[in-house]
Amino acid sequence: MTSERSKIRFIMIGGFLGAGKTTAIGRLARHYQDQGLTVGVVTNDQASDLVDTNLLRSQGLHVGEVAGACFCCNFNELTSTVENLSAQQRPDIVLAEPVGSCTDLVATVVQPLIRLYDAEFEVAPYGVILKPSHGLRILRKEANMGFSPKAAYIFEKQLEEADFLIINRIDELSPAEVEELERLLQTAAPQTPVLRVSARTGDGFESFTEMLGQRGAFGQKILELDYDVYAEGEAELGWLNSSLLAKSSDSFALDDLLVGIVEAIRERLELVQAETAHLKTIGLSEGAYSVVNMVSSDTPPVLSLPSQCSTKEANVVVNARVAVDPDHLREVLEEVVAEVARKMQLTIEFQQTQNFRPGRPVPTHRFATPEG
Ligand SMILES: Nc1nc2c(ncn2[C@@H]2O[C@H](COP(=O)(O)OP(=O)(O)O)[C@@H](O)[C@H]2O)c(=O)[nH]1
Ligand SMILES: [Mg+2]
């Protein structure tokens, strides 16, 4: 019989596209490792070639990937990925990052783990990270919130099912903005504890890990959810995952390549006023890696992790989630890559590209009443 002690603590961190989940998970993983614990990470996407997986692996973490469908619709893949992670060394902690456009995760992931996998897993309180850029616009009910009301519905439902909420990016928010977000959250999700953190600097992480360490009746907030609205809101996003190989006879700056690609995509999306939910790229070359992100149309591309690497060859992965036709997104990327290659005198080959709108979510399990 499996003893209580050997259960894997399952920590899922939710939140909208670009909220800061991957950044927070990297930091939490280091925190638990520093305590001598073994950590595994599970990333998730509707397609393969994930920036997040590459980024977390580059940080030395042991990462399994559920690619091709979200955790809720591919639940068995989530548990088998954890099993595979355990083959080498059984983790004490698994950190899991669901797709940022997913909701209803308590009914479709947390509750199934509690009810069907109680012998293997001990599920931590479910924390959802609030993305301030879109959060302020959506929760204030601004006329121009960037997304349609259906996509905003997903954003709000994600907050409603959380055991606790995390206002991220306090390193760049004014005190007045933090106060306002906290007030808005108290209305959107009354009685849910709200933390303030910076996944970038680590500010507020003591309260974050303390919250994650709590035991009790968590994961009980099962949503009343209209799956038609959810599916339509999700399908408003164009999805693109692409892997590229850049080469040159002379060395080029990897950081410049990524910034060039993301900036040129931004300019083209601005022309058609398409709102970006998250545009992320990672460049990998001989152990060095650069990351550039853009998390909304009114914030600039950010070189989140500079490599300062000069190289003759690099692999580049681009993941874009934008409120636009996915075929347009693909054309934009093809034009941009040709333009940047010309400017920087590189050859850039497309290795694999997938572009689509997410399909209707059909969960493997859904428990309509709580237990645990
Ligand atoms: N300034 C600031 N940037 C952050 C913070 N957390 C995340 N970011 C940046 O926001 C972008 C999206 O973060 P990521 O962790 O990929 O979000 P995810 O889509 O939720 O996994 C990246 O450029 C991060 O570096 C934060 O606390 N402060
Ligand atoms: Mg992520």
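In this predicted model, helices H1 and H2 cross in a right-handed sense.

**Helices H1 and H2**

- Helix H1 covers residues 21–34 and helix H2 covers residues 51–58; the two pack at an angle of about 25°, and their axes lie 11 Å apart.
- Because angles under 35 degrees count as roughly parallel, H1 and H2 are described as roughly parallel to each other.
- On the H1 side, the contact is made by Thr22, Ile25 and Gly26, while H2 contributes Asp52, Leu55 and Leu56.
- By class, the residues joining H1 with H2 comprise three nonpolar, two polar and one charged.

**Helices H6 and H9**

- Helix H6 (residues 149–160) packs with helix H9 (residues 227–235) at an angle of about 110°, and 7 Å separates their axes.
- Angles of 65 to 115 degrees count as roughly perpendicular, and H6 and H9 are therefore roughly perpendicular to each other.
- From H6, the residues making the contact are Lys150, Ala151, Tyr153 and Ile154.
- From H9, the contact residues are Val229, Tyr230, Glu232, Gly233 and Glu234.
- Five nonpolar, one polar and three charged residues make up the contact of H6 with H9.

Notes: Residues are numbered from 1 along each chain as its sequence is written. Chains are lettered from A and ligands numbered from 1 in the order in which they are written. This is a predicted model: local features need pLDDT of at least 70, side-chain atom pairs count only at pLDDT 80 or more; totals for chains, interfaces and linings use all residues. Axes are lines fitted to C-alpha atoms, for helices over the stretch in contact, and angles run from 0 to 180 degrees between N-to-C directions. Helices (H or I, at least four residues) and strands (E, at least two) are DSSP runs, numbered from the N terminus. Angles under 35 degrees count as roughly parallel, over 145 as roughly antiparallel, 65 to 115 as roughly perpendicular and the rest as oblique. Two residues are in contact if their C-beta atoms, placed from the backbone, lie within 7 Å. Ala, Val, Leu, Ile, Met, Phe, Trp, Tyr, Cys and Pro count as nonpolar, Asp, Glu, Lys and Arg as charged, and the others, Gly among them, as polar. A crossing is left-handed if the near helix is turned anticlockwise from the far one by less than a right angle, and right-handed if clockwise.
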